[in-house]
Amino acid sequence: MAKRSRRSSINKYFIFGLLITVLLIIIVASIGRSHFNGPQKFGLDVVGKGQYIVTRISGGVNHIWESYIALWDVRGENKFLRAELDKSLLANQEYREAMAANVRLHKLLDFKESIQSPTITTQIIGRDPSLWFHTLTIDRGAGDGIEKGMPVVTVEGVVGQILETSRTSSKVLLAHDQNSAVNALIQKNRVQGIIKGRGAQEYHLQYVLKNADVSQGDIIITSGLGGSFPKGIPIATVTKVTKTRRGMFQKVEAEPTVNFSQLEYLIVILQQNSLVN
Amino acid sequence: MPCAPFIFLSTGLLILQTSLFPALPGWFSQLDPLFILIVFIAVHIDIIRGTVLTIYIGMITDIFSGVYSGLHPITYLALFLVIKGLSRPLVLSEAPHQIPLVLSSYLFVSCFIFVIVSSLAPATDLLWSWPDLFIRFFMLGLITIPCFKFYRFSMDTFNPKNALQILIKPKRGNKFRN
């Protein structure tokens, strides 16, 4: 039994020694050769394939990881840039608005200075929601010297008249309301009439005799009669003239110089006595 | 149902309608939830409180709208009485009637104002514009049902009975036994 086991261990050592010897011979024989032998080529192919696969997988994972990490950076950068862009747009918008307000107020100031009577600048705080009437509410009232009937104008022309006042605010009847009437004249030939509102953005110049020379494009201004509006403030431009066979007067339609839907700041022309009070 | 919540609600709506809505683009500037509130009051609130509320809404509308003092209270009161008269036989409180009721009420109010103003100031050429009226009808039709739901919710919420029910826990067990 002991003999058999000793023989087998001797066999093992012999085989091991043989293998080592063959291996050494192969190694020694391959030293100095410039090209691979068959097994080396086979090994290279197999391992190469494996390397290729592993490299592709690891490369892919690495790429995904790097992209993901990079995406985080890009996302952060994108967020930051968007915030910066929003800030810049807002600032730009504010500058534009400030510029526009500056131009508008500058015009208003010039216009105010051109009016002889004392004036007060007001802002619109409310509009009439009704389908039938056209009024506005402004942020100045009797406490500021505003009284019923005072004219309300803007750089473009006549806006309306004060209808009612409270201490801090007033109601303005717009000139294009059907209940409004303003004494007017045609600038070129001083033909007089009364401008009546038509509800929509339209006026009628009433009581103009048929023989008066009125044509499309003529400018209508306040006549100063009645003492409410100062003379010479633009009201409208003539758009259509109709002469019927009957009646004494011609029908004159006119377009307001003021765009009533875009009003913001208004000027109320005060009277001397209200300031004294 | 007390009047106070509706007084606050109508005042708030009027402020919105005169300051915020005109700044909205296009047809949205012509939204009129206050008018729907008047119709709602006429349908759902009893005659005494309804009259008080209708006159109040008419009076505050007069401050911000129109030229003739007292026109809106009279017009809204007339509308209130007409709806009150019709609401019992026609069951106007039902949901399918809401839009036709609001639109016909608006037509009634428009005609009423047109006739009154034309007779008060014959020289005034009041312009009857169907296109403008149809835009108003469309916008009213659009918001009638949500407005009715909101007003109903407000009425239920501010009802003192409901408030008490929230505070007092209901009794458990079979409520039909006794």
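The buried residues of H2(B) are B:Pro33, B:Leu34, B:Phe35, B:Ile36, B:Leu37, B:Ile38, B:Val39, B:Phe40, B:Ile41, B:Ala42 and B:Val43. This helix is thus described as mostly covered, with 11 of its 12 residues buried. The model is predicted, and the predictor assigns the complex an ipTM of 0.77 and a pTM of 0.68.

**Confidence in chain B**

- Chain B has a mean pLDDT of 82, and 85% of its residues reach 70 or more.
- Within chain B, confidence is highest in helix H2 (residues 33-44), at 91, and lowest in helix H7 (residues 160-167), at a mean of 63.

**Length of H2(B)**

- The end C-alpha atoms of H2(B) are 16 Å apart, which agrees with the 16 Å that its 12 residues should span at 1.5 Å a residue.

**The largest nonpolar core**

- In soluble globular proteins, nonpolar side chains tend to be buried together.
- The largest nonpolar core has 76 residues, of which A:Val159, A:Ile220, B:Ile38 and B:Val39 touch the most other members.
- H2(B) supplies the largest share of this core, namely 10 residues.
- Beyond its neighbours within four places in sequence, A:Ile220 is in contact with A:Ala184, A:Ile186, A:Ile195, A:Leu205, A:Ile235, A:Ala236, A:Val238 and A:Ala254.

**Contacts between the chains**

- On the chain B side, 20 residues are in contact with 18 residues of chain A.
- Helix H1 (4-20), helix H5 (98-120) and helix H6 (130-157) of chain B are the elements that each give two or more residues to this side.
- The residues on the side of chain B that touches chain A comprise 9 nonpolar, 7 polar and 4 charged.

Note on methods:
Residues numbered from 1 in each chain as written. Chains lettered and ligands numbered in written order. Predicted model: local features only at pLDDT ≥ 70, side-chain atom pairs only at ≥ 80, totals over all residues. pLDDT = per-residue confidence, 0-100. Helix = DSSP H or I, 4+ residues; strand = E, 2+ residues; numbered from the N terminus. Contact = placed C-beta atoms within 7 Å. Nonpolar A, V, L, I, M, F, W, Y, C, P; charged D, E, K, R; others polar. Expected span 1.5 Å × (residues − 1). Buried ≥ 20, exposed ≤ 12 C-beta atoms within 10 Å, placed from the backbone. Core = buried A, V, L, I, M, F, W, Y, C linked by C-beta atoms within 7 Å.
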